[in-house]
Amino acid sequence: YRPDDVADRLIHIRGQVTKRSKRKLRDETVAFECQRCGRFTYMPQSGNSLQRPHECAGCERQGPFKINDRETTMRDFQHIRLQTLPEESERGDTEMIDMQVFDDLVGELNPGDRAVLNVVMHARRINDDSLERELEGRVRSITKLSGDTSDVDVEPYREDIEEIANSDDPYSPVFESVAPFHEGDDTIKEALALQLFGGVEKQLDDGTWFRGNSHVLLMGDPGSGKTKILKYVTSLMPRGEYATGKSTSAGLTATAQKDDFADGGWTLQAGTLVKASGGLAAIDELDKMRDDDITGFMEALSDQQVTVTM
């Protein structure tokens, strides 16, 4: 989309949450009390800076004013950052846009969640003296996506799927479709295809839980095509993510950090494994991972959960 085409319009956006601030309170209407006559002036707030009255409606003086917190109305508020879905991005280029969430929608989305948002877009000036503006959205409604293959529209391929399923050998076409540009290594392609389909999650009567998916360790000499195969299989999955072992544990799992995104407050940011939940995460150069980062990484592989590091 072009920024000037969507500014001040209601649009819907499909994307994935990569970052979320903590819950906050935001002034909706600020009550200014005149220190001369005691009359209240109620100022609706918009934008990112406090709007003040020019003069008192009672004594028609320019203050001084004092904010009365009891008469001021507030609402729940949160920042989120939305990223283009990787499978919908052009040439792998993803865009990000910041959103403001209010009231009952606060806390609805977590980093890694996918959703369709109805948003009113605003062109916010970067600062008071700047001629540049950047888009910022105010969320009106949220529809969560399941985040797995159930979001994929298979209807255009229905005939091909039925033809393969009804053939004498439905497995070979699936195995051969994994990195078809790579000659040989049929057992590797078979293993990756089986991993893409996944297994069956089990919950025993005694409360024991077994994950349904498997992990594949792909080893080989340098230049044997491992990286190209990994990037290809992640492009097949709706939630496919590619990263390298050089990333930190927080970059692979999740982290809480302070940054300018939430006016210097704490934010929760999703890592590769969180964004790939329900899909496929391919970690290249696993031998480059530092020993200190292995703990958080192994927890995600074994228990299918992530502990946020501060």
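Which helix holds the place of Asp160? Asp160 sits in helix H2, residues 158-165. Helices here are DSSP runs of H or I at least four residues long, strands are E runs of at least two, and both are numbered from the N terminus. This is a predicted model, where local features need pLDDT of at least 70 and side-chain atom pairs count only at pLDDT 80 or more, while totals for chains, interfaces and linings use all residues. Residues are numbered from 1 along each chain as its sequence is written, and side-chain values use heavy atoms, with hydrogens and water left out.

On to confidence, or pLDDT, which the predictor gives each residue from 0 to 100. The protein has a mean pLDDT of 83, with 90% of its residues at 70 or more. Where pLDDT is low, the predicted coordinates should not be read in detail.

Back to Asp160, which counts as partly exposed because its relative accessibility is 46%; the cut-offs are under 20% relative accessible area for buried, over 50% for exposed and in between for partly exposed (1.4 Å probe, protein chains only). From Asp160 to Met121 there are 39 residues in sequence and 41 Å in space, C-alpha to C-alpha. Ser21, in strand E1 (residues 10-21), is buried, since its relative accessible area comes to 1%. A polar atom of the Ser21 side chain lies 2.9 Å from the backbone nitrogen of His79.

Next come the strands, which count as paired if DSSP finds at least two bridges between them. Strand E8 (residues 133-144) pairs with strand E6 (residues 96-102) in the parallel sense, over three bridges, and Gln100 stands opposite Arg138 in E8. Strand E7 (residues 114-125) runs antiparallel to E8, and 11 bridges join the two. Here Arg125 faces Arg133 of E8.

Last up is helix H8 (residues 291-303), with 13 residues: at 1.5 Å a residue it should span 18 Å, and its end C-alpha atoms are 19 Å apart, which agrees. That expected span is 1.5 Å times one less than the number of residues. H8 has a kink of about 25°, centred on Phe297, where the bend is the angle between axes fitted to the seven residues ending at a residue and the seven starting there. Phe297 is also buried, as are Asp293, Gly296, Glu299 and Ala300 in H8. Just past H8, Gln304 takes a positive phi of about 60°.

Methods. Polar contact = N/O pair within 3.5 Å; in protein donor to acceptor, adjacent residues only side chain to side chain.
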